[in-house]
Amino acid sequence: MVVTLVDISRAVCELSYMFGVGIQDINEMKSRKQNIIDARRFLIYYLWNHKGVKHYHMKQYIKGIHHATSMYHCKIIEDLFDSHEKYRRKYFEFLYKIEYS
C-alpha cells in the first residue's frame, strides 16, 4: 500500500488535535510526556497496521525512530486495546475521522 504525504499529514493533524500536542512533538522522538507518546503510538500503529509500513521503514515518517521502538509501541498499543476500552474507542474514533472527513 502506498503512503502519501496527505495520509501522513491528515493523521498527524488529527492526532495533534485529539491529544493536544504539537505536530512537531509527534514527528520527532524527543519527549516522554504521556499524551505525546500516545499520539505517536497511534501514528506508528496506523502506519504499520493500516498503511503497511514496515517497522524498518518507519524512520522515513517519524524522525529518529528505531525499528525496535516501532515494534515495541505496536505491541504496547495492542496490549492497551485489549485491557483498556478507552484506547480502543479513541483509536477507532481517530480512524473514522481520518478516513471519512
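Modeller: Before we start, one term: two residues are in contact when they have heavy atoms within 4.5 Å. Also, this is a predicted model.

Biologist: Fine. How many helices and strands are in the protein chain?

Modeller: The protein chain has five helices and zero strands. Along the sequence the pattern reads α-α-α-α-α.

Biologist: Let's take α5. What span should its 16 residues have?

Modeller: Helix α5 covers residues 85-100, and at 1.5 Å a residue it should span 22 Å. Its end C-alpha atoms are 22 Å apart, which agrees with that expectation.

Biologist: Which residues of α5 are buried?

Modeller: Tyr87, Tyr91, Phe94, Leu95 and Ile98 are buried in α5. Seen down the helix axis, the buried residues fall within an arc of 95°, so they line one face of α5.

Biologist: And which ones are exposed on the other side?

Modeller: Lys86, Arg89, Phe92, Tyr96 and Tyr100 are exposed there.

Biologist: What do the buried residues of α5 pack against?

Modeller: They pack against three helices: α1 (5-19), α3 (34-50) and α4 (67-83).

Biologist: You mentioned α3. Where is Asp38 found?

Modeller: Asp38 is found in helix α3.

Biologist: Is Asp38 buried or exposed, and why?

Modeller: Asp38 counts as buried because its relative accessibility is 6%, and the cut-off for buried is under 20%.

Biologist: What does Asp38 touch?

Modeller: Leaving out residues up to four places away in sequence, Asp38 touches Phe19 and Tyr87. Tyr87 is one of the buried residues of α5.

Biologist: What about Glu28, where is that?

Modeller: Glu28 is found in the loop between α2 (23-27) and α3. At 12% relative accessibility, Glu28 counts as buried.

Biologist: And which residues does Glu28 touch?

Modeller: Glu28 touches Arg40 and Lys63, again not counting residues up to four places away in sequence.

Biologist: New topic, cysteines. How many disulfides are there?

Modeller: The count comes to zero disulfides. A pair would need its cysteine sulfur atoms within 2.5 Å.

Biologist: Is Cys74 buried or exposed?

Modeller: Cys74 is buried, with a relative accessible area of 2%. Cys13, at 43% relative accessibility, counts as partly exposed.

Biologist: Now the whole chain. What radius of gyration would a compact globule have with 101 residues?

Modeller: A compact globule of 101 residues would have a radius of gyration near 13 Å; the protein chain has 12 Å, which agrees. Taken along the principal axes, its C-alpha atoms fill a box of roughly 30 × 30 × 25 Å.

Biologist: What share of the residues is buried?

Modeller: Buried residues make up 42% of the 101 residues.

Biologist: And the contacts between residues with a separation of 6 or more: what share comes from residues 24 or more positions apart?

Modeller: Such residues account for 56% of those contacts.

Biologist: Last one. What does the accessible surface come to?

Modeller: The accessible surface of the protein chain comes to about 6200 Å², and 54% of that surface belongs to carbon and sulfur atoms.

Terms used. Residues numbered from 1 in each chain as written. Predicted model: local features only at pLDDT ≥ 70, side-chain atom pairs only at ≥ 80, totals over all residues. Heavy atoms only, no water. Helix = DSSP H or I, 4+ residues; strand = E, 2+ residues; numbered from the N terminus. Expected span 1.5 Å × (residues − 1). Buried < 20%, exposed > 50% of the residue type's maximum accessible area, 1.4 Å probe, protein only. Arc of directions from axis to C-beta. Rg over C-alpha atoms; globule rule 2.2 N^0.38 Å. Areas by Shrake-Rupley, 256 points an atom, 1.4 Å probe, with all protein chains shown as cover.
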